[in-house]
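Visitor: Hi, I have a new structure to get through. Can you walk me around?

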Amino acid sequence: RLRRDGGPQRAPSRTAVTDVRPAVALSTLDRTLLAMLQPGLPLVAQPYRALADALGVSERWVIERLRNWFEHGLIKRLGVIVRHRELGYRANAMVVWDLPDARISAVGRALAVEAGVNLCYLRPRRLPAWPYNLFCMMHGRERHEVLERIDAVRVRHQLMDYPHAVLFSTRCFRQRGACYLPTPVLSAKAEHRRVSELEAMAWTS
């Protein structure tokens, strides 16, 4: 995915400044639903039905509420967190490029559809220490495999003459979704019990 955030040489977009969506009023039931979403959807065949049963509402109500929140920007998206290290992909590289502004949009879109590129986005330079403005993530089982893929991408997209750096991760931090409301930290046992209860509701209802 290519994200355009603009470079430091550009003036802020007037549209970005003035396009402020109205606040969404949340009822107590809404807040409860948001809090239930924060740890992730229950891993059952009908997760929205499991949430609905726990709340005492219909599955349609849950789905329509989420659709409304998407439309108003309260929730940006629902996605899957892939724990790639657990799947054996431990060579994880952030490749950063210093590209001319005239080429960055075309190159970014081309890299974003490369089979070996997981994320691709534009970021502002932080001169003089950080001259790079295009970032992409590449995962592999071995470092040499990732480096070979990067070299192939450089040749295929005529990037050999542009400065770049390859930054392999050395530490894995916790991966989680967005946190909308403050909630008490659950112990692993309590969280397992919460998921089990939702799964039981889904299978018995």
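Visitor: Which residue in strand 4 does Val-96 stand opposite?

Guide: Val-96 stands opposite Ala-165 in strand 4. Strands here are DSSP runs of E with at least two residues, helices are runs of H or I with at least four, and both are numbered from the N terminus. A quick caution: this is a predicted model, where local features need pLDDT of at least 70, side-chain atom pairs count only at pLDDT 80 or more, and totals for chains, interfaces and linings use all residues. Residues are numbered from 1 along each chain as its sequence is written, and side-chain values use heavy atoms, leaving out hydrogens and water.

Visitor: How many bridges join strand 1 to strand 3?

Guide: Seven, between residues 91-97 and residues 134-140, and the two strands run antiparallel. Strand 1 is also joined to strand 4 by five bridges, again antiparallel. Two strands pair if DSSP finds at least two bridges between them.

Visitor: What is the strand order in the sheet?

Guide: The order is 2-3-1-4, in an open sheet of four strands with antiparallel pairing. Strand 2 (119-122) and strand 4 (164-168) each have a single partner strand, so one side of each is left without a neighbour in the sheet.

Visitor: Is strand 1 mostly covered or exposed?

Guide: Mostly covered: seven of its seven residues are buried. Buried means under 20% relative accessible area, exposed over 50%, and partly exposed in between, with a 1.4 Å probe and protein chains only. Ala-91, Ala-93, Val-95 and Trp-97 point one way, while Asn-92, Met-94 and Val-96 point the other. In a regular strand, side chains alternate between the two faces of the sheet.

Visitor: Switching to helices. At what angle do helix 2 and helix 4 cross?

Guide: Roughly 85°, with the axes of helix 2 (residues 28-37) and helix 4 (residues 59-71) coming within 12 Å. Axes are lines fitted to C-alpha atoms, for helices over the stretch in contact, and angles run from 0 to 180 degrees between N-to-C directions. The two helices are therefore roughly perpendicular to each other, a label for 65 to 115 degrees.

Visitor: Which residues make the contact?

Guide: Among them are Leu-33 and Leu-37 of helix 2, and Trp-61 and Trp-69 of helix 4. Contact means heavy atoms within 4.5 Å.

Technical notes: Parallel < 35°, antiparallel > 145°, perpendicular 65-115°, else oblique.
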